[in-house]
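Have the structure open as you read.

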Amino acid sequence: MALSTFDPKTQWKIDHAGAIDKSTFQILLFILLAIACVFSLSRLGFRLHHERRLFLDDYLILFATICLIIETVCIHHFSDRIYFVESASTNWEVMLLLAPGIGNTAFQQDFSTWGPAWINGYLSVGWIAIFMVKFSFLVLFWRMVRNVTKRLTIWYWVTVAVTAASGIVVVLEAFILCPHVGKAAAKCYPQKNYSFSLGIGIMVQCLDIITDLMIISIPLILLRMSQLRISHKVRIALVLCLSGIQIILSTTRIAGGIHRNITGQLEFSIVWITFLLHAEASVAVMTGSIPALHAMYSVQ
C-alpha cells in the first residue's frame, strides 16, 4: 500500500499534519533551493571572473550546495513518510496503521524499510551543508586574523575547535537519537513511543546558535579594529549580519517546533524541524555566496 492510497479522510489528515501542509511544504523546498543555487553559482562565477580559479572556501560552498540539493531531493521523495510520521505522532487513527495485526502489513514493511533511515540521512546532510558554510567563513577569516593580534588568533582557533566539535555532534544527532539502521530503525518511531529527544534537540539548536555567534564575532572585532572608512564598515557589517537570519531560524525551530504527541510527551515536530533546517541550510548557502563579501577580503 503506497502512502498516497489511504482513504480521503485519512489522507487529508496526513497531508495537513504539522504547521505547513504538504503541498506548500514541497513548493517552498524548491523555491529556497533555486534561490540558494543562484547565489552559489553567482559566487563561483564572480570568483572565476576575478581570480581565474577557486579557493578552499569556494569548494566548501560548492560542497554545501551539492549537499543542499541532495537534501532537497531526499525530503521531496520522502515527504509522504515525513508527513505520515508527523500525523502518527498526534493522531491515534493514523498511528494504528503501523500497529502489528491492525495495519496493512505491506505498508508497514515499506515504511520500516524506507522511512526512518532516510529521515536520519537527510537531516544529517542538511546539517553538513550548514557547517560547510560555517567553515567557508572561517577559512576566509583566517586571511585577516593571522597577522593582527595573538589574542584574536587564539579566539579564532577556539572558534574553529568549537565549530568542528559541534559539527560532529550535530551531524550525528539523528543517529544518536536512533542508532538503528534499515528496518530496525522503525523501532525508534511512534509505535514504540519514540519521540525526538528534547534534551538533545535543544542542545543541537544551541550549538548551532553559539557557533554562529562565535563566527560572526570575528569580523565584527576586525571591523572595530580596522581603519576602513565608515561606509565600508557599515556595508561589511550589514552583509555579515545576514548570518543573523540563521540564528533567528534556529531560535524559531526551537520555539515553534515542540508539541505533545499522542502519549502526552513533548517532542519536536518532524515537519517543522525538516522545513526550518532546510530553510537555514538554504539561507546559509545564500549568505556564504554573497559576492559583496569579496570587498572585505580584498582590502586586507
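## A buried threonine

T65 has a relative accessibility of 7%, so this residue counts as buried. Bear in mind that the model is a predicted one. T65 belongs to helix α3, which covers residues 56-77.

What does the side chain of T65 make a polar contact with? The partner is the side chain of S40, at 2.8 Å. Once neighbours within four places in sequence are set aside, T65 is in contact with C37, S40 and V285.

How many disulfides does the model have? The count comes to zero. A pair of cysteine sulfur atoms would have to lie within 2.5 Å to be counted as a disulfide.

## A nonpolar patch on the surface

Now for a look at the surface. I27, I31, I35, V38 and F39 make up a nonpolar patch there, and together they have about 420 Å² of accessible area.

One of these patch residues, I31, sits in helix α2, which covers residues 22-51. Is I31 buried, partly exposed or exposed? I31 counts as partly exposed, because its relative accessibility is 42%; T65, at 7%, counts as buried.

Note on methods. Residues are numbered from 1 along each chain as its sequence is written. This is a predicted model: local features need pLDDT of at least 70, side-chain atom pairs count only at pLDDT 80 or more; totals for chains, interfaces and linings use all residues. Side-chain values use heavy atoms; hydrogens and water are left out. Patches are made of residues with over 30% relative accessible area and no salt bridge: like charges are joined within 9 Å, nonpolar side chains (Val, Leu, Ile, Met, Phe, Trp, Tyr) within 5 Å. Accessible areas come from the Shrake-Rupley method with a 1.4 Å probe; for residues, only the protein chains shown count as cover. A salt bridge is a side-chain nitrogen of Lys or Arg within 4 Å of a carboxyl oxygen of Asp or Glu. Helices (H or I, at least four residues) and strands (E, at least two) are DSSP runs, numbered from the N terminus. Buried means under 20% relative accessible area, exposed over 50%, partly exposed in between (1.4 Å probe, protein chains only). A polar contact is a pair of N or O atoms within 3.5 Å; within protein, one must be able to donate a hydrogen and the other to accept it, and residues adjacent in sequence count only if both atoms are side-chain atoms. Contact means heavy atoms within 4.5 Å.
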